[in-house]
Amino acid sequence: MYNVVSAEVKKLKLPYIISILIAILYAGLMIIPYTSGYSYNHNIEIWEESTGLFVVIFPLFAVLPTIWLMYFERKDGFIHYTQIRISRSKYILTKWLVASTGGALIVFLASITGLMIALFFVPAVEPFGDDYALQNFGGSYYVNHPLLYGLVLSLWRMTLGFLVATFGFVLALFVNNIFVILTGPFVYAVLENFILSILGVPFYRLSTSFGPHTLSQDAITVPRLLTGPIILIVMIIVVYLYFKYIKKVSIYEK
């Protein structure tokens, strides 16, 4: 198993390093526009404001760097030769864990980098106007322990990144269109966001779970933050069962 994990890491090494650099650069650049022209009472608010676009596009960070490999191994038939070294089920399981963990780690790095810059590299803000920060979700930690608050939220975002990457991996097991595989989770997140907003329950969205600051804190509770991820898990299971048992698509078909 260790040898397979090592081999998978080597295959993804170069695009993965490039993706990490892009994620860190993105997090740093997104901070800059929010360091002036806005009124803050705490530096963590700069980080919070800068993640507006990240809340929308994080599925691309989770999927693009790693999920493509499964598609190309199916396409060129490489996956047929893995049984010599390891059982097919263990090989697929290993690829899933490596790919999804890799995508999740990129989401974490993009999130935590912005937090570190806002807290330790941006000059301390001069408090301005009324301070409503304590009314935020986790307000006491948000104000008094911003590093811990941001670390926990970044780890949670990493978990969401893992789920989104898993969705992309399941698509890569059955779908023969690389565009659908790489953009499917992003499109799902956009549609889910739109539908739940139309239904009047935006607090159940995956994006709300990723960025609790996107809604009034009166609307945020822990059960509501868990709903979006649970819906996504159900979606992943339904898609897997649909392709495997209804469409009867073989992972080993080209």
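Helix H7 gives the most to the lining of the largest cavity, with three residues. Helices here are DSSP runs of H or I with at least four residues, numbered from the N terminus. The model is predicted, so local features need pLDDT of at least 70 and side-chain atom pairs count only at pLDDT 80 or more, while totals for chains, interfaces and linings use all residues. Residues are numbered from 1 along each chain as its sequence is written, and side-chain values use heavy atoms, with hydrogens and water left out.

Over the whole structure, three cavities of 30 Å³ or more turn up. The largest cavity holds about 70 Å³ of space, a volume being the space filled by probe spheres set on the points, which are joined across faces, edges and corners. Its lining includes Trp47, Glu48, Asn136, Tyr149, Arg157 and His213. H2 and H7 are the elements that give two or more residues to this lining. By class, the lining of the largest cavity has five nonpolar, four polar and two charged residues. In this grouping, Ala, Val, Leu, Ile, Met, Phe, Trp, Tyr, Cys and Pro are nonpolar, Asp, Glu, Lys and Arg are charged, and the others, Gly among them, are polar.

The second largest cavity has a volume of about 60 Å³. Among the residues that line the second largest cavity are Tyr26, Met30, Trp47, Phe54 and Gly114, and H1, H2 and H5 each supply at least two of its lining residues.

Next come the open spaces. A pocket is an open set of points with protein on both sides within 12 Å along at least five of seven lines. What is the volume of the largest pocket? The value is about 270 Å³. The largest pocket is lined by 13 residues, and Phe137, Val152, Leu153, Trp156 and Leu225 lie nearest its centre. Helix H7 (146–174) and helix H10 (222–246) each supply at least two residues of this lining, with H7 giving the most, at five. Eleven of the lining residues are nonpolar, two are polar and none is charged.

Aromatic rings form another theme. Rings of Phe, Tyr and Trp (its six-membered ring) pair if their centres lie within 6.5 Å; planes under 30 degrees apart count as stacked, over 60 as edge-to-face and the rest as tilted. The whole structure contains 16 aromatic pairs. One of them joins Phe58 and Phe210, with ring centres 4.0 Å apart and planes at 15 degrees, so this pair is stacked. The partners come from distant parts of the chain, 152 residues apart: Phe58 belongs to helix H3 (residues 52–63) and Phe210 to helix H9 (residues 206–210). Both Phe58 and Phe210 are buried, a word used for under 20% relative accessible area, with exposed meaning over 50% and partly exposed in between (1.4 Å probe, protein chains only). By contrast in geometry, the rings of Tyr142 and Tyr149 have centres 5.1 Å apart and planes at 90 degrees, so that pair is edge-to-face. Tyr142 and Tyr149 are buried too. Ring pairs also link Tyr26, Phe54, Phe58, Phe61 and Phe210 into a cluster.

The charged end of Arg224 sits over the ring of Phe203, 3.7 Å from its centre. Lys244 lies over the face of Tyr245, at 5.7 Å from the ring centre.

Finally, two single residues deserve a look. Leaving aside neighbours within four places in sequence, Asn43 is in contact (heavy atoms within 4.5 Å) with residues including Ala118, Val122 and Pro123. Ile237, which lies in helix H10, counts as partly exposed at 45% relative accessibility.

Notes:
On a 1 Å grid over the protein atoms alone, a cavity is a set of points where a 1.4 Å probe fits but cannot get out, and a pocket is an open set with protein on both sides within 12 Å along at least five of seven lines; lining residues have an atom within 4 Å of a point. A charge sits over a ring if NZ of Lys or CZ of Arg is within 6 Å of the ring centre and within 35 degrees of the ring normal.
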